[in-house]
Amino acid sequence: DMVHLNCTRDPVPETVSTDMHNLNQLTGEQFSSLTEVIFQFLTEPKEGERLFAQLSEFATTNGISLGPLKNIVKSILLVPNGAMKRNLTSEQVQADFTTLGLSEEKASYFAEQWKKNTPALSRLALGQTLMINQLVDMEWKFGVTVGSSELQKVGSIFLQLKLVVKKGNRNEPVYIELTLPQFYSFLHEMERVKASLDCLS
């Protein structure tokens, strides 16, 4: 009984469906605060200790044992971790969660949060990509948002970046869209990466 997922081609541990069943038992409010904890961790993956502290607190507050909660979080992380590697859309993320047995409502809530956090996650993934691979080329074009479901104001300027990175012996394009403030913090990040690479070389 093969489950087809967008985020991974690997077989999923059998425990995942139990974890999703347990997730479905959470109230909407519990689920949204757990989701918030998870996205904080995804956007700042070095903060493992904070994640653990927040999960302990969540477990205590909601009368859930920490062991099962940690398993639930591991199962949830399967999807975003795979989604970042494969550049999945929020629709694909939502589909994967429902395939794994999460309720429509919760899967759709997680997908919305995924959409909101995508720029931050793209920058992070990109930073990691550039640490490992060489940046070969970079093009950009400006655009102006005409209307968008995101919280951006209509008429705000955004930037489409196309980066070409050398992976092994082949070049791969990476595309991201950033608002101007995101672009500046991205540039700042790149300068930091470059500075740390210069130290190493």
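**Exercise 1. In what order do the elements of the protein run from the N terminus on?**

Step 1. Start with the rule for elements. Helices (H or I, at least four residues) and strands (E, at least two) are DSSP runs, numbered from the N terminus.

Step 2. Read along the chain. The order is α-α-α-α-α-α-β-β-β-α.

Step 3. Take the totals. The protein has 7 helices and 3 strands.

A note on the model: it is predicted, local features need pLDDT of at least 70, side-chain atom pairs count only at pLDDT 80 or more, and totals for chains, interfaces and linings use all residues. Residues are numbered from 1 along each chain as its sequence is written, and side-chain values use heavy atoms, with hydrogens and water left out.

**Exercise 2. How many residues does helix α3 have, and how far does α3 reach?**

Step 1. Find α3 at residues 48–62. It has 15 residues.

Step 2. Take the span. From its first C-alpha to its last, α3 reaches 21 Å.

Step 3. Compare with the expected span, which is 1.5 Å times one less than the number of residues. For α3 the reach is close to the expected 21 Å.

Step 4. Look just past the end of α3. There G63 takes a positive phi of about 60°.

**Exercise 3. Which residues of α3 are buried, and why do they line one face of the helix?**

Step 1. Buried means under 20% relative accessible area, exposed over 50%, and partly exposed in between (1.4 Å probe, protein chains only).

Step 2. List the buried residues of α3. They are L51, Q54, L55, F58 and A59.

Step 3. Look down the axis of α3. The buried residues fall within an arc of 140°, so they line one face of the helix. The arc is that of the directions from the helix axis to the C-beta atoms.

Step 4. Turn to the face directed away from the buried side. It carries the exposed residues E49, E57, T60 and T61.

Step 5. Find the cover. What covers the buried residues of α3 includes α2 (28–43) and α4 (66–86).

**Exercise 4. How do α2 and α3 pack, and which residues meet?**

Step 1. Axes are lines fitted to C-alpha atoms, for helices over the stretch in contact, and angles run from 0 to 180 degrees between N-to-C directions.

Step 2. Read the geometry. The axes of α2 and α3 come within 9 Å and cross at roughly 170°. That makes α2 roughly antiparallel to α3. The classes are: under 35 degrees roughly parallel, over 145 roughly antiparallel, 65 to 115 roughly perpendicular, and the rest oblique.

Step 3. List the contacts (heavy atoms within 4.5 Å). Q30, S33, L34, V37, Q40 and F41 in α2 meet G48, R50, L51, Q54, L55, F58 and N62 in α3.

Step 4. Check burial in α2. The buried residues there include L34, V37 and F41.

**Exercise 5. At what angle does α4 pack against α3, and at what angle against α2?**

Step 1. Take α3 with α4. The angle is about 125°, and the axes are 10 Å apart. The two helices are therefore oblique to each other.

Step 2. Name the residues. F52, L55, S56, F58 and A59 in α3 meet L66, L69, K70 and V73 in α4.

Step 3. Take α2 with α4. They pack at about 55°, with axes 11 Å apart. α2 and α4 are therefore oblique to each other.

Step 4. Name these residues too. L34, I38, F41 and L42 in α2 meet L69, I72, V73, I76, L77, P80, N81 and M84 in α4.

**Exercise 6. Is V16 buried or exposed, and what is V16 in contact with?**

Step 1. At 2% relative accessibility, V16 counts as buried.

Step 2. List the partners. Leaving aside neighbours within four places in sequence, V16 is in contact with S75, L78 and L100.
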